[in-house]
Amino acid sequence: GHMMRPHHVLYHCAHFGLQEHRSDPRHSKLKRIAPTVGSFFTPLRLADAFREYDAFFHLSRRKYIPPNFAELRHILNIAQIHASAEALRLITFDADGTLYADGHHIEQLQVSTHNVPDNDSWTLSGVWLAQDNEMIELFVTLMKSNIDVGIVTAAGYPGEASKFESRIQGLLAAFSKYRLPATITNRFHLMGGECNYLLRVNAHSKHLEFVPDEEWMTPEMLAWDDHDIKELLDDAQVQLLEGASRLCMPVQLIRKTRSVGVVPTQPTIYEVLEELAISVQQNLISKLPFCAFNGGNDVFVDVGNKSIGLDALMRHLDCYPFEVRALQRCACILACASRTAMLVFWRED
């Protein structure tokens with residue numbers, strides 16, 4: 001047999017499918033093939049991205065195993081990073097499954113007692129970092145390059161900033177250790193509960209604090225009615241419990257102001273949780289936008305979704321879509337757009 005050449009497919013997508021879709025996203029051939037495909041705000045050099053990925057992982061030399069979903073996502077991420085680098089102003093990351101494994105968090109740093117940076121010199125040289133060193137270092141590098149960095153997580157703790165802090169304690173500890181000024185830490189944002197809570201770093205304490213809703217929520221979000229929210233969560237609760245019963249999965253119910261979820265009380269498998277999440281997503285009807293998701297150890301339904309949260313954050317920071325990159329599951333590929341250099345970092349889970 002001959003070696004497959006998937007870059008031929010990517011070449012045609014890059015030069016025909018994506019170009020046509022960008023010019024007419026509602027009626028393109030790509031839209032007909034994949035009805036849920038969104039908009040592309042930048043041209044993507046997919047063939048070049050494939051060759052770059054192939055140099056590391058040699059997809060083109062495989063005879064029998066085609067590229068999987070994660071690999072295609074890696075290639076798209078590379079193409080998007082190159083396309084966004086020159087204009088990049090905001091980069092956001094999914095939390096669980098991207099920055100860290102489900103249920104984990106960014107670990108706290110251990111810093112050596114020598115070469116601790118002072119107020120005028122806060123480089124990262126001479127510092128020994130523990131697990132998650134690379135991610136923290138790159139976050140700070142991006143922020144120093146005048147790029148806003150956001151973490152978007154499904155975790156929601158209304159009124160409890162300390163619980164959000166526990167998920168990124170290593171990052172916040174680094175902000176304090178490096179004595180980063182407010183001009184840098186102001187570029188960090190955490191969106192929680194999919195789109196329901198925005199937190200920032202307090203300039204003095206370096207702890208997280210909630211941003212008042214009226215400062216960042218879109219008019220559409222502020223118009224969500226409390227009665228409609230309650231009705232959505234009530235209906236979601238019924239479907240979650242009925243679905244868990246159908247799947248013979250005993251669960252504990254958790255109800256919050258903007259979300260409702262179930263946690264298995266006995267061991268189960270991913271596919272059972274995925275079945276429950278998709279069942280609710282497909283069958284729940286509401287006046288409000290919502291999302292149902294498998295968190296790996298639970299299934300939750302939230303008011304709104306991460307797309308709404310990203311849109312609100314973009315408006316809050318006055319960013320345009322072509323200036324934004326959102327990275328989700330499977331890989332983190334960071335572009336440090338200092339106008340002169342590209343910094344690429346891989347983290348596989």
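Entry 1, confidence. I am working with a predicted model. I looked up the mean pLDDT of the protein chain and found 81, with 77% of the residues at 70 or more. I noted that residues 1-9 stay under 50 in pLDDT, and that the model gives them 14 contacts beyond four places in sequence. Low pLDDT means the predicted coordinates should not be read in detail.

I counted 13 helices and ten strands in the protein chain. The chain has 349 residues, and 46% of them are buried. For contacts between residues at least 6 apart in sequence, I found that 66% join residues at least 24 apart. I read an accessible surface of about 17900 Å², with 53% of it belonging to carbon and sulfur atoms.

I asked at what angle the axes of H3 and H4 cross. H3 covers residues 46-57 and H4 covers residues 69-84; their axes cross at roughly 115° and come within 8 Å. The crossing of H3 past H4 is right-handed. On the H3 side I listed Leu46, Ala49, Phe50, Glu52 and Tyr53. They meet Glu71, His74, Ile75, Leu76, Ile78, Ala79 and His82 of H4. I sorted the residues of this contact into eight nonpolar, two polar and two charged.

Terms used: Residues are numbered from 1 along each chain as its sequence is written. This is a predicted model: local features need pLDDT of at least 70, side-chain atom pairs count only at pLDDT 80 or more; totals for chains, interfaces and linings use all residues. Side-chain values use heavy atoms; hydrogens and water are left out. Axes are lines fitted to C-alpha atoms, for helices over the stretch in contact, and angles run from 0 to 180 degrees between N-to-C directions. Helices (H or I, at least four residues) and strands (E, at least two) are DSSP runs, numbered from the N terminus. A crossing is left-handed if the near helix is turned anticlockwise from the far one by less than a right angle, and right-handed if clockwise. Contact means heavy atoms within 4.5 Å. Ala, Val, Leu, Ile, Met, Phe, Trp, Tyr, Cys and Pro count as nonpolar, Asp, Glu, Lys and Arg as charged, and the others, Gly among them, as polar. pLDDT is the predictor's confidence in each residue, from 0 to 100. Buried means under 20% relative accessible area, exposed over 50%, partly exposed in between (1.4 Å probe, protein chains only). Accessible areas come from the Shrake-Rupley method with a 1.4 Å probe; for residues, only the protein chains shown count as cover.
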